[in-house]
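Subject: Structure handover

Hello,

Please find the structure below. My notes on it follow.

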Amino acid sequence: MNVEDINEFKKVLSEKQIPDGFIKVTDNPVSNLTSEQKVILNRRANEMFNNGNIEDARRIYITTGYSDGLTRVGDYYVNKNESLKALKSYYLAHNKRDAEPIYELIAKVISQIIK
């Protein structure tokens, strides 16, 4: 990956960031990245994730559309008791199986509030 590719990636990454709130900006990966670029970026994100840099890894996974990485981020947040952040990652990964328990928890909380 050359300097121009890195600068283009930084530009695209800054445009794809999800705000801190629960608003979903997009679930579509950047379409102009080649398969080779995605592999390089996902490897870098995996290194970041393994070194504890979860947020930067998450942004790369969103940019590349790497659902396995987003699921790992969701699992990380579940273990930290941050269900909404986990749900956001699962949703973007199209991981209904792991998102469903969080939806059920939200429904229980809302039911208790209504009662």
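Helix α4 (residues 67-79) and helix α5 (residues 83-92) pack at an angle of about 165°, with their axes 8 Å apart. Helices here are DSSP runs (H or I) of at least four residues, numbered from the N terminus. The axes are lines fitted to C-alpha atoms over the stretch in contact, and angles run from 0 to 180 degrees between N-to-C directions. α4 and α5 are therefore roughly antiparallel to each other, a label for angles over 145 degrees. Their crossing is left-handed, meaning that the near helix is turned anticlockwise from the far one by less than a right angle.

This is a predicted model, in which local features need pLDDT of at least 70 and side-chain atom pairs count only at pLDDT 80 or more, while totals for chains, interfaces and linings use all residues. Residues are numbered from 1 along each chain as its sequence is written, and side-chain values use heavy atoms, with hydrogens and water left out.

On the α4 side, Leu70, Thr71, Val73, Gly74, Asp75, Tyr77 and Val78 meet Lys85, Ala86, Ser89, Tyr90 and Leu92 of α5 (contact means heavy atoms within 4.5 Å). The residues of this contact divide into 7 nonpolar, 3 polar and 2 charged; Ala, Val, Leu, Ile, Met, Phe, Trp, Tyr, Cys and Pro count as nonpolar, Asp, Glu, Lys and Arg as charged, and the others, Gly among them, as polar.

Thr71 is buried, with a relative accessible area of 15% (buried is under 20%, exposed over 50%, partly exposed in between, with a 1.4 Å probe and protein chains only). Leaving aside residues up to four places away in sequence, Thr71 touches Tyr90, Ala93, Asn95 and Asp98.

Helix α3 (residues 54-64) has 8 of its 11 residues buried, so it is largely enclosed by the rest of the structure. Among the buried ones are Ile54, Arg58 and Tyr61. Just after α3, Gly65 takes a positive phi of about 75°.

The whole structure holds 3 aromatic pairs (rings of Phe, Tyr and Trp, the last by its six-membered ring, with centres within 6.5 Å; planes under 30 degrees apart are stacked, over 60 edge-to-face, the rest tilted). Tyr61 and Tyr66 have ring centres 5.5 Å apart and planes at 50°, so the pair is tilted. Tyr61 is buried at 0%, whereas Tyr66 is partly exposed at 27%. Tyr76 and Tyr77 form an edge-to-face pair, 5.3 Å centre to centre with 75° between the planes. Ring pairs link Phe49, Tyr76 and Tyr77 into a cluster.

Regards

Notes: Helix = DSSP H or I, 4+ residues; strand = E, 2+ residues; numbered from the N terminus. Parallel < 35°, antiparallel > 145°, perpendicular 65-115°, else oblique.
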